[in-house]
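Here is a short walk through one protein model. Keep the sequence and the 3D view side by side as you read.

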Amino acid sequence: MSLRWGTYALDRALCGNSLLARVLVDKFCDHLPLHRQTRRMEREGFGIGSQTLAAWVQGGAALLRPVVEALRADLLSSAWLQGDDTGLPVQDGGDGTLRKGRMWVFTDQQHALYAFTPTKQGVYPAELLRGFAGELVLVDGGSEFNQVVREQGLARAGCWSHLRTYFWKARAHHPDPARLALDTILDLFLLERKVKGKPPDEVLAFRKQHTQALIDGFFRWVQALSTHARPQSTLGQALTYARNQEAAMRLHLERGELPLSNNLSELLLRQNVVGRKNWLFARSEGGANAAATIYSLVGSCMLQGLDPHTYLRDLLDRLPDHPRNRVGELTPRAWREARSTHTTEAG
């Protein structure tokens with residue numbers, strides 16, 4: 001059987017599209033480092049080096065990058081976004097030295113956009129969200145988001161789960177007030193379960209009727225207790241964070257579409273965190289950027305309920321001949337909608 005180079009997404013590579021999709025999914029969805037994939041391939045009689053696999057990953061990410069740019073355009077057209085970041089060490093040069101880096105994710109609950117930056121400075125999220133058409137972001141209280149909020153005039157909603165972690169840390173030395181705060185926040189989330197999946201106007205009405213009094217009482221308690229707690233204690237730090245974030249935490253009482261927490265962003269970042277425990281660091285900044293590209297697609301597949309291998313295999317088959325001005329048809333959401341339409345019409 002002769003090989004037809006034109007049928008492969010990677011030009012002149014001994015790598016079919018199904019195999020390339022498998023390598024990408026194994027590394028970025030199932031967290032299998034390339035050297036372990038190499039050993040598995042050797043057992044199966046297919047000897048290939050990890051450097052070759054790394055070149056495939058870089059080449060695949062370059063091919064898929066236009067789809068991620070189309071995904072980014074869709075994301076930035078949303079009315080609101082939530083986001084977070086985590087550390088990603090990168091090997092700097094040939095001496096093995098590691099330097100710090102950051103992996104970001106932003107989502108509108110339909111798409112997931114990942115991006116690597118060398119530091120956590122506020123200029124980076126401001127650049128990543130340049131052109132955002134919405135008016136609101138749901139993030140934690142970190143100063144790295146101050147610039148984008150200021151420059152684009154965005155409203156800023158807070159994360160009740162993040163606030164909860166401060167009181168969780170305080171429970172060892174301040175058990176009674178910490179437990180009261182934790183129980184109150186738990187009550188908020190239990191109430192929220194009753195309107196999960198409901199339209200935003202119903203959620204907002206429910207919050208006004210059942211949640212607002214709880215939030216009002218919580219912040220009155222925070223203000224009163226703050227006059228007695230030592231500011232540098234764990235309880236004092238929790239109370240200070242709560243006071244500083246009160247306006248952001250109350251924004252949920254005005255916007256029924258907002259979840260109480262930023263947990264979805266943290267769930268999406270878990271892909272990177274779990275993977276990092278296996279492959280430890282990115283071998284180059286180019287590798288970190290390639291990871292962000294692939295994570296954007298497999299993370300969006302998760303949000304759309306798609307099998308990432310099926311999606312990536314089809315994408316790699318179609319990309320070489322697909323019109324560049326219609327690349328938006330290939331994002332995970334558009335791909336799922338097109339397949340659903342085709343299935344309905346066929347039925």
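The paragraphs below take up a histidine, a helix and the aromatic rings.

The model is predicted. Start at histidine 252, in the loop that joins helix H10 (246–250) to helix H11 (263–279). Is this residue buried or exposed? Histidine 252 has a relative accessibility of 1%, and buried means under 20%, so it counts as buried. Its side chain comes within reach of a backbone oxygen, that of glycine 158, at 2.7 Å. Leaving aside residues up to four places away in sequence, histidine 252 also touches several others, among them Leu138, Trp160, Arg207 and Pro259.

Move on to helix H12, residues 285–304. Its 20 residues span 29 Å from the first C-alpha to the last, close to the 28 Å expected. Most of H12 is covered, with 14 of its 20 residues buried. Glycine 305 follows H12 and has a positive phi, near 70°.

Now look at the rings. The structure holds 12 aromatic pairs. One joins tryptophan 104 and phenylalanine 145: the ring centres are 5.9 Å apart and the planes stand at 90°, so this pair is edge-to-face. It links distant parts of the chain, 41 residues apart. Tryptophan 104 sits in strand E4 (residues 102–107), and phenylalanine 145 in the loop between strand E6 (136–138) and helix H5 (146–152). Both residues are buried.

Finally, two charged side chains lie over ring faces. Lysine 169 lies over tyrosine 166, 5.9 Å from the ring centre. Arginine 171 lies over tryptophan 168, at 3.6 Å from the ring centre.

Key
Residues numbered from 1 in each chain as written. Predicted model: local features only at pLDDT ≥ 70, side-chain atom pairs only at ≥ 80, totals over all residues. Heavy atoms only, no water. Helix = DSSP H or I, 4+ residues; strand = E, 2+ residues; numbered from the N terminus. Buried < 20%, exposed > 50% of the residue type's maximum accessible area, 1.4 Å probe, protein only. Polar contact = N/O pair within 3.5 Å; in protein donor to acceptor, adjacent residues only side chain to side chain. Contact = heavy atoms within 4.5 Å. Expected span 1.5 Å × (residues − 1). Phe/Tyr/Trp six-rings, centres within 6.5 Å; stacked < 30°, edge-to-face > 60°. Lys NZ or Arg CZ within 6 Å of the ring centre and 35° of its normal.
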